[in-house]
Amino acid sequence: MESLAPHSHRFRRSTLRAASGRGTPRHWSPPIDFFVSSHRPPRPLYGFINTCLKSLVIERFGEETWENLRLMAGVQDTFMTYEIYDDVITLRLVQEACKMLDISSEVVLKLFGEYFFSFCKMSGYDTMLRTLGGNLVEFIENLDALHSYLALSYEAMNAPSFRVERMDDGRILLHYYSDRKGLYHIVPGIIEAVAKDFFDSEVTMTILNQSEEDERTGKKEHVVFHMVQKEKVSKKKAQPRQKGGNEEIQAEKQDKEEIMKRMKARYASLQLCPRKRSPWETVRSIVMLGQGNLRQSFTPSYPKRLWIEEQAFCNAFPFHIVFDQDLVVKQTGVNIQKFVPGLQTAGIRLDEYFTIVHPEVTFNIQSIKKFINSQFVLKTRREMLPEIHQNQSTLKLRGQMMWMESLSCMIYLCSPKLRSLQELEERGLHLADIAQHDTTRDLILLNQQRLAEIELSNQLERKKEELRILSRNLEIEKQKSEKLLYAMLPTHVANQLKEGKRVEAGEFKVCTILFSDVVTFTNICAACEPIQIVNMLNAMYSRFDRLTNIHNVYKVETIGDAYMVVGGVPIPTETHAEQVANFALGMRIAAREVASPITGQPIQIRVGLHTGSVLAGVVGDKMPRYCLFGDTVNTASRMESHGLPDHIHLSPFTYSVLKDKGIFEIAERGEIEVKGKGLMRTFFLLKNLQKSDEQMMGLVDGETCVCQKDPETVTDAQNEVSPEDTGRGQKEEEKKEEEVENWKNGTSSPSVCPGEISPDHLIQFDVTPAYESPTDFKLPNNGLHSDSNSTKLCSIL
């Protein structure tokens, strides 16, 4: 039972059924939802019960199971110990547990009963439970007294009642009474755990009868259990004799002889008993004492007559009542007469002035005898009190009933049931009204302090729950802040900054950078409202940001309509060019899903890629940014600015990396004049030969990406690669490959892309955001570029 750590519902079902001792219940157990849906007034349950149930689920099945169970039952996560909750919450939790584990309510409730006993011991009630009785029967008979004591702290507690009945044939029957129907399976779990832990015995409980009785509070469930208790016998296993066994036996005999000698010496030193005892009786008593079986031979002695006056008895026990089998009052204490003057009337019936609060039975002599071992709580009837006391709280008496067979009368030895000094004052009582030998005086004072401690504990529990909620909300806000920080900076860089460390700039030998912008963005801005531009860019960038996670590339920044990403930075990877190329294909598809606010047609973007080395680092203290430095950034921007609408423009160095992959379809554009770089032989990335558009967009489960073709006609010189250009590209292929190979080996450095950046080349950094003029990197007169399109470039001067 203690090692339940199931990994599946099937394991849980088999384990719990094994724990119950049988596969199927002997008696029919109605579904728990029957009890939940019963039409009855709600009854209070303290949070201690629900906390115990939560602890059971977490300990045996884990936090995740409790969270799922709590959500299915629709209850809160935390329960205050002294807070009152409707018992429907507990029944709903049990109901959902039965559904989740696919087991009967009998198994769940019995398991809860076993754990509830352990939970009470862990909660500080261990000593209190151990001192209830010397055997199991005495323990059960005093449970009602324990509940009565706990009611001082848990005022609204509605505890069940227990009654033990000894049959003539030696059988022991346990009667269980409760206002809550269907929870009687908890009782075997508790009793079996108590017998095993406290009395080292095994108990088998069988249900003999289950009925409903009409009591004062309505239908009360009454279940009769047949209880069979078996003492555990520890049998020593016969161990095989080993070498030297005779010596061990001889030593054991010598030890026994020494013990007998010490016993005889002790016997010789004993004084003579007043009654002459035979030597055998004396030795036998010593031996029995040595074996740990001290025989209890106490016999009480009673006087021939009662040596106390009637007046002294009524003063010594100011709260007592003697009544006969017809409930006619024969005798009362002096103080109870003061608060209930009607009891002084001869021949008055007890039930005319009092009602039975506990146990909840009908007010007759037979019911009282049935629960003779229980504490009885009587409450005065308000209408029978004098007018001076009718505005005060009603007086409750708590005490013991004793049947006097010779007089055919019942004596009720009691005292006022009070929880605090405030209640004492509300009922017009004083400590002087309670007998000095009555511990109720001390109990009131002690409980006054305990109630204050309970209130303080309750406040601390509430504060703890508030702190837990605040801590959880703080953790959520912290996660949001970290998510925002990780969106601005690489994860390892952000972690270093959070730890107060300085982030050193690092050189990346090879990476691939991508730039993109929107075609005719200036015209769109001039013809639209600002909010329309914001909505368009947000729709486009949201799609691009999603693609960065799919293709594992790092988004550097966005300025206006310009979007910049890099592959291989800040985490180097050999597939940087492939990742950026797939991202470019995906963003071209995604851009077609965004409509222009002017024409309503899909927008077009230009994309440029370049591969080379960069220097990367964090710039600035306020709003720090992770920036890239190097000529690779400039060249990538040139590829974008010299590109064509709806095309992905590749530099020769990116092409040399991608062509070896064999998974991309690439067309040569030919040589073009690039500002600041001279003639460059560039290429267009057309598609991925191994992945579909849906895979590029990260769409699964049959989702399709709606791609609309560009309605605008693009000239053949822009859209198509002419045969002449293709032939020229084939002739120049060897020259380009030789140039790239020399660049890789470090023997030469092409003018369009420098090799590794050495410290000698790093003259000065423009660490502030530099917004170069559009004419610095765009063709001014090709009719495809906007003068206001700008890209933020962090470049080497």
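Start in a loop. Select Pro 359, which lies in the loop between β9 and α14 (365-370). Helix and strand labels follow DSSP runs, numbered from the N terminus: helices are H or I with at least four residues, strands are E with at least two. Look at the bond that joins His 358 and Pro 359: this peptide is cis, with omega about -10°.

Before moving on, note the ground rules. This is a predicted model, in which local features need pLDDT of at least 70 and side-chain atom pairs count only at pLDDT 80 or more, while totals for chains, interfaces and linings use all residues. Residues are numbered from 1 along each chain as its sequence is written, and side-chain values use heavy atoms, with hydrogens and water left out.

**Colour by confidence**

Colour by pLDDT, the predictor's confidence in each residue, from 0 to 100. The protein has a mean of 76, and 75% of its residues reach 70 or more. Now select residues 1-41. Here pLDDT stays under 50, and the model has 64 contacts beyond four places in sequence for this stretch. A contact means heavy atoms within 4.5 Å. Residues 291-295 also stay under 50, with 5 such contacts.

**The sheet**

Next, select the strands in the order β8-β7-β12-β11-β10-β9. They form an open sheet of 6 strands with antiparallel pairing. Two strands pair if DSSP finds at least two bridges between them. Which strands stand at the edges? They are β8 (329-332) and β9 (354-358); each has a single partner strand, so one side of each is left without a neighbour in the sheet. From one strand to the next, the twist averages 30°.

Zoom in on β10 (residues 375-380) and β11 (residues 396-404). These strands run antiparallel and are joined by 5 bridges. Pick Phe 376: its bridge partner in β11 is Gly 399.

**Two helix pairs**

Select α17 (residues 440-488) and α18 (residues 491-498). Their axes come within 8 Å and cross at roughly 120°. Axes are lines fitted to C-alpha atoms, for helices over the stretch in contact, and angles run from 0 to 180 degrees between N-to-C directions. The two helices are therefore oblique to each other. Angles under 35 degrees count as roughly parallel, over 145 as roughly antiparallel, 65 to 115 as roughly perpendicular and the rest as oblique.

The crossing of α17 and α18 is right-handed, meaning that the near helix is turned clockwise from the far one by less than a right angle. Show side chains for Glu 482, Leu 485 and Tyr 486 of α17, which make the contact with Thr 491, Ala 494, Asn 495 and Lys 498 of α18.

Now select α20 (residues 530-551) and α21 (residues 576-591). They pack at an angle of about 150°, with axes 10 Å apart. α20 and α21 are therefore roughly antiparallel to each other. This crossing is right-handed. Among the α20 residues that meet α21 are Phe 544 and Leu 547; the α21 side includes Phe 583 and Met 587.

Select Pro 570, in the loop between β15 (562-567) and α21. The peptide bond from Val 569 to Pro 570 is cis, with omega near 0°.

Finish at Asp 200, in the loop between α9 (186-198) and β5 (201-215). Check its phi: the angle is near 50°, a positive value in a residue other than glycine.
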